[in-house]
Amino acid sequence: MNKPFTIKTQEAEQKIVEIINNSQLPAYALKNILQGIYAEIDRVDNEEIAKYNEEQEKSQKKESDK
């Protein structure tokens, strides 16, 4: 059985916090690492949104051509 989305997000958050705590890196180093990760996630998210919008436009065009 698949876990609910909320459980998956809680588990992911807990793992991230554990890794951060175990790293024993100073806050400024963690901040730089997390900023880089956030920038990459933001880029991927924007690509997914653009792809979804393109697919919606294609779908709407196909329906209007009928």
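Lys3 forms a salt bridge with Glu11, and their closest N and O atoms are 2.9 Å apart. I open with this pair as a way into the structure before you. It is a predicted model, in which local features need pLDDT of at least 70 and side-chain atom pairs count only at pLDDT 80 or more, while totals for chains, interfaces and linings use all residues. Residues are numbered from 1 along each chain as its sequence is written, and side-chain values use heavy atoms, with hydrogens and water left out.

Let me begin with the charged pairs. A salt bridge here is a side-chain nitrogen of Lys or Arg within 4 Å of a carboxyl oxygen of Asp or Glu. By this rule the count comes to 3 salt bridges. As background, side chains of opposite charge can pair when their charged atoms come close.

In the opening pair, Lys3 is partly exposed, at 43% relative accessible area, and Glu11 is also partly exposed, at 28%. For these classes, buried means under 20% relative accessible area, exposed means over 50%, and partly exposed lies in between, with a 1.4 Å probe and protein chains only.

Which residues are linked in a network of salt bridges? They are Glu40, Arg43 and Glu47. Between Glu40 and Arg43, the closest N and O atoms are 2.5 Å apart. Between Glu47 and Arg43, the corresponding distance is 2.4 Å. Glu40 and Arg43 both lie in helix 2, 3 residues apart, about one turn of the helix. Glu47 and Arg43 are separated by about one helical turn, because they are 4 residues apart in helix 2. Glu40 is partly exposed at 40% relative accessibility, Arg43 is partly exposed at 39%, and Glu47 is partly exposed at 46%.

I turn next to the nonpolar surface. Leu25, Ile33, Leu34, Ile37 and Ile41 make a nonpolar surface patch of about 440 Å². Patches are made of residues with over 30% relative accessible area and no salt bridge; like charges are joined within 9 Å, and nonpolar side chains (Val, Leu, Ile, Met, Phe, Trp, Tyr) within 5 Å. The accessible areas come from the Shrake-Rupley method with a 1.4 Å probe, and for residues only the protein chains shown count as cover.

Is Ile41 buried or exposed? Ile41 counts as exposed, because its relative accessible area is 54%. This residue is found in helix 2, which covers residues 27-65. Helices are DSSP runs (H or I, at least four residues), as are strands (E, at least two), numbered from the N terminus. Ile41 and Lys58 are 17 residues apart in sequence and 26 Å apart in space, C-alpha to C-alpha.

Now to the pocket. The largest pocket has a volume of about 150 Å³. On a 1 Å grid over the protein atoms alone, a pocket is an open set of points with protein on both sides within 12 Å along at least five of seven lines, and lining residues have an atom within 4 Å of a point. The lining consists of Ile16, Ile19, Ile20, Ser23, Leu25, Leu30, Ile33, Leu34 and Ile37. Helix 1 (5-23) and helix 2 are the elements that give two or more residues to this lining. By class, the lining has 8 nonpolar, 1 polar and no charged residues.

Finally, the loop between helix 1 and helix 2 holds Gln24. Gln24 has a positive phi of about 55°, although it is not a glycine. At 72% relative accessibility, Gln24 counts as exposed.

Notes: On a 1 Å grid over the protein atoms alone, a cavity is a set of points where a 1.4 Å probe fits but cannot get out, and a pocket is an open set with protein on both sides within 12 Å along at least five of seven lines; lining residues have an atom within 4 Å of a point. Grid points are joined across faces, edges and corners, and a volume is the space filled by probe spheres set on the points. Ala, Val, Leu, Ile, Met, Phe, Trp, Tyr, Cys and Pro count as nonpolar, Asp, Glu, Lys and Arg as charged, and the others, Gly among them, as polar.
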